[in-house]
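Dear colleague,

I am handing over the structure below, together with some notes on what was found in it. Please keep it open beside this message as you read.

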Amino acid sequence: MTDGPPRVVVVVDGEHYPPLVGEAIRRLRDQGRDVVAALMAGGTEKVGAHDLERTYGVPVRDGSGNREKALGDLVATHRPSEVLDLSDEPVVTPADRFRLATVALLAGATYRGADFELRPAPMPRLLTKASLRVIATGKRTGKTAIAGAIARRAVQTGLRPIVIAMGRGGPDPPEVLDVDSDLSVDALVALADAGKHAASDYIEDAVTSRVPTVGCRRVGGGLAGAVSMSNVEAGVRIAQDRDESLVILEGSGAAIPPVAAAAGVICVPASSHPDVVRGYLGPYRVLLSDLAIVTMSEEPGAASEMEAAIREVSPRIEVIRTVFRPKPLEDVSGCKVYVCTTSPPDTGSRLTGHLREAHGCRVVGISHSLAKREDLERELREAPDHDVLLTEVKAGGIDVAARAARGSGRRVVFIDNEPEGTGVAEAFDFALSRAQDRSP
């Protein structure tokens, strides 16, 4: 953005009498705004034979063929700090406004109307090393599993990653877990006993991937992924000062880490409605990303529909499909195990079948209530006899499940959710290459 009065592009339509719109633009200038151009979004009822550029007093771009492209050209040319919508229905609908807002936000401009304002999330450029953002369309999308898998792939390719995870229960100040940190069951239960969230995402990343992690916290999440409060910038400064060569910034739910990254990955469950990427500000998240991963793609039809929706938003984005399979982090062959997971009940037979076939254990029961502590406690009390509790490092995995197992003298083994699918390693390499190529 340039110095001086705020630069503004206005969105107008032909259903408004042009002299009235011209008067509104003049009033904006009287208020100290520098209106530099107008996007004609369509409509002809009241335009008549008016010379719009003379009447409005600014250059006018016709957007009737492709509004988003026309607005993109205007913001690229004029670099406004604000796009002000002076249009109305029926020419510009609420859905249209979200699409135009996406264009503005991606350019770093606020999109404002008569009774609304959408601001781009601040993303300061604090990192001078390779960086990769991993975000999602919501909670329980597999984002942490993907971030951890990318970190492991980075190690295999010779990079030295550090993961920064922000959570709704993360620490303050930011906390570093190094590769030699004690991540044993007893250590994590002790952490829960001290009143901390011992299953925060940065702990899960450290347990499953054995790379350094930084735990941060955040509160709130906006329509465009902004957070109301976080300490992520402090965590990024810690990572910037360390020796690792790659920083992986992990989002939280649909919230986006409030720091710029060189490249991006988005996780989208196949079971979601396609409007999570097509509607509202879903396109904003997709267009921030270089790689889209359709997670939980067991149903080919749903996965295909989601992939088509993603490509509709961003035709050039790389897209792959994955499924998650549980991987115990210790040998459990021959053991009677009880499983605790956040996955929905309809995945139970697949998960238990995979554990039996790939890891040689006998699954005597499974709880899908890891995120529902009261139900989890009841199901653990009613669980069949077992030798080993297998649990994800999520939700009540430590403070409820691991604590109960330890109290009854049972062994606890943590589970990772490994992504499987065609081209997964190649897709991760693509994202890592983008992160390195674009680093300052």
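A residue is called buried here when its relative accessible area is under 20%. Bear in mind throughout that this is a predicted model.

With that cut-off, the buried residues of helix α5 are K143, T144, A145, I146, A147, G148, A149, I150, A151, R152 and A154. Because 11 of the 14 residues of α5 are buried, this helix is largely enclosed by the rest of the structure. Its length can be checked too: at 1.5 Å a residue, the 14 residues of α5, which are residues 143-156, should span 20 Å, and the end C-alpha atoms are 20 Å apart, which agrees. After α5 comes G158, a residue whose phi is positive, near 95°.

The strands come next. An open sheet with mixed pairing is formed by 6 strands, in the order β3-β2-β1-β4-β5-β6. Its edge strands are β3 (60-62) and β6 (117-118), each of which pairs on one side only. Strand β5 (residues 110-112) runs antiparallel to β6 and is joined to it by 2 bridges; R112 has E117, in β6, as its bridge partner.

Two helices can then be placed against these strands. Helix α3 (residues 67-78) packs on the sheet, where it touches β1 (7-12), β2 (34-40), β3 and β4 (82-85), and its direction makes about 160° with that of β2. Helix α4 (residues 94-106) also packs on the sheet, touching β1, β2, β4, β5 and β6, while its direction makes about 150° with that of β5.

With best wishes

Conventions:
Residues numbered from 1 in each chain as written. Predicted model: local features only at pLDDT ≥ 70, side-chain atom pairs only at ≥ 80, totals over all residues. Heavy atoms only, no water. Helix = DSSP H or I, 4+ residues; strand = E, 2+ residues; numbered from the N terminus. Expected span 1.5 Å × (residues − 1). Buried < 20%, exposed > 50% of the residue type's maximum accessible area, 1.4 Å probe, protein only. Pairing = 2+ DSSP bridges. Contact = heavy atoms within 4.5 Å. Axes fitted to C-alpha atoms, helices over the stretch in contact; angles between N-to-C directions.
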